[in-house]
Amino acid sequence: MKRFLFLMAIIPLLLSCTLSPEKDDRFEIVTWNMCEFFDSREDGGEYAGWRESDGWNDAKYNERIKKCVMYMASNFKDADVIVLEEVESSEVLISLLEGGLKKEGFLYYGIASDDSALSVAFISRIKPISLRLLFVPSSRPMLSMDFNVNGDMVRVIGVHLRSRLKDENEEIRREELLMIKDEADKCDYPLIVLGDFNIDPFIHKEEMCDIREGETTLPLTGDGSRAYGGRLFSPYLDYASPLSGGTYYFGGQWERLDNILLSSSFFDGDGIEYEGTTIIKGGDSSDYSGRPLKYDKSTGKGMSDHFALKSTFRL
C-alpha cells in the first residue's frame with residue numbers, strides 16, 4: 001500500500017496573540033480519546049445512537065459539553081496542548097472553548113477533518129507555527145503540528161490508528177506505523193507522537209514493541225537515549241520507572257492503547273527534557289471498580305471508555 005503526505009490547506013484557528021506556556025519551567029501535553037463526541041447537527045455521518053431519532057439533541061449535547069469542560073478544566077488544568085480523538089467537527093471544539101476552556105487559556109484549536117465521522121483534533125494555549133496532515137489511504141488523517149516551546153521547536157503528531165475490529169485494518173495500521181517510523185527518522189525537532197494507537201506494546205508485539213524483543217513494525221525503547229533511527233521512547237517501557245496500569249479495559253484486562261511516544265531529544269540534557277507520564281482519572285471518568293466509564297446519553301453519566309494520558313517536560 002502506497003503512503004501519501006497531504007498538506008492541510010486550512011485548519012480553523014481562533015485569532016489571538018501568540019502565547020507562551022503559563023508555567024515558565026514546565027510544558028505539559030495530554031491525549032484523550034473522547035469516545036464518539038458528535039455535535040448536535042445531523043448531517044448523515046453519525047453513528048447509530050447519535051441521531052435525533054435516537055434521542056441525541058441540542059440539550060443533551062450542551063450537557064455533555066458542560067460536563068467535559070468541567071472535567072478538562074479540573075484534570076487538564078496544567079496542560080499546554082491537548083490532543084483529542086473521536087471528535088466529529090470543529091463545532092465541538094468551539095463549544096468546548098466557548099463553554100469555559102477559553103477562560104482557562106485555551107485559545108487555539110484545529111481538527112484533521114470536518115468531513116469524516118470522527119477525527120483527531122487539538123486545543124492549545126500555544127499557537128502552532130505550522131500544521132500538516134499525514135495519512136495513508138483508508139486511514140484517519142494524522143495531525144502534525146509544530147510549536148515553539150520556550151525557544152525549542154517541538155513537533156507533535158496526533159494519531160488515531162485503525163481499530164482491531166476488522167481484519168482488513170491490519171495492513172492499513174501497518175502502513176500508518178511505517179509512516180510514523182519515517183516521520184520519526186527524518187524529524188530534526190524533538191518529536192512527540194501521541195494518541196490512540198489501538199495497539200498495546202505488551203500484547204501486539206508484531207506491530208509495536210521494545211527493540212529488545214525482536215522484529216516489529218514500529219520499534220520502541222524504554223531508554224530515551226536510544227530513541228532515534230525510527231525508534232521512539234514509550235513511558236510504558238521506561239527502564240527506570242515504567243508507567244503502570246492501562247487506559248482502556250476490554251475482555252477482562254487492561255490495555256495500553258493510548259500512548260505518548262518521544263524522540264531522543266527529550267533525553268539529551270539540552271533544552272526541553274522529559275520528566276514523566278501519568279494516567280489521568282478523576283471526576284466522573286471511572287466506575288466503582290476504577291475502570292473507564294463511557295458516556296451514557298440516557299443518564300448523562302460517564303466521560304469516555306478511555307482514560308487520558310499526560311506527559312510533563314522540564315524547560
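1. In this predicted model, the second largest pocket holds about 160 Å³ of space. Its lining is formed by Tyr47, Asp115, Ser116, Ala117, Leu118, Ser119, Ser139, Arg140, Pro141 and Arg162. Sorted by class, that lining comprises 4 nonpolar, 3 polar and 3 charged residues.

2. The largest pocket has a volume of about 640 Å³. Its lining consists of 24 residues, of which Ser163, Arg164, Leu165, Asn198 and Tyr248 are the closest to the centre of the pocket. The class division of this lining is 10 charged, 7 polar and 7 nonpolar residues.

3. Which strands each supply at least two residues of the lining of the largest pocket? They are strand S2, covering residues 26-37, and strand S13, covering residues 248-250.

4. Attention then turns to the helices. Two packed helices are described by the angle between their axes and the distance between the axes. For helix H1 (residues 58-75) and helix H2 (residues 90-101), the packing angle is about 60° and the axes lie 9 Å apart. H1 is therefore oblique to H2. The crossing in which H1 passes H2 is right-handed.

5. Which residues form the contact of H1 with H2? On the H1 side they are Tyr61, Ile65, Cys68, Val69, Met72 and Ala73. The H2 side presents Glu91, Val92, Ser95, Leu96, Gly99, Gly100 and Leu101. By class, 9 residues of this contact are nonpolar, 3 are polar and 1 is charged.

6. For the discussion, the class counts may be set side by side. The lining of the largest pocket includes 10 charged residues, the lining of the second largest pocket includes 3 charged residues, and the contact of H1 with H2 includes 1 charged residue.

Conventions
Residues are numbered from 1 along each chain as its sequence is written. This is a predicted model: local features need pLDDT of at least 70, side-chain atom pairs count only at pLDDT 80 or more; totals for chains, interfaces and linings use all residues. Side-chain values use heavy atoms; hydrogens and water are left out. On a 1 Å grid over the protein atoms alone, a cavity is a set of points where a 1.4 Å probe fits but cannot get out, and a pocket is an open set with protein on both sides within 12 Å along at least five of seven lines; lining residues have an atom within 4 Å of a point. Grid points are joined across faces, edges and corners, and a volume is the space filled by probe spheres set on the points. Helices (H or I, at least four residues) and strands (E, at least two) are DSSP runs, numbered from the N terminus. Ala, Val, Leu, Ile, Met, Phe, Trp, Tyr, Cys and Pro count as nonpolar, Asp, Glu, Lys and Arg as charged, and the others, Gly among them, as polar. Axes are lines fitted to C-alpha atoms, for helices over the stretch in contact, and angles run from 0 to 180 degrees between N-to-C directions. Angles under 35 degrees count as roughly parallel, over 145 as roughly antiparallel, 65 to 115 as roughly perpendicular and the rest as oblique. A crossing is left-handed if the near helix is turned anticlockwise from the far one by less than a right angle, and right-handed if clockwise. Contact means heavy atoms within 4.5 Å.
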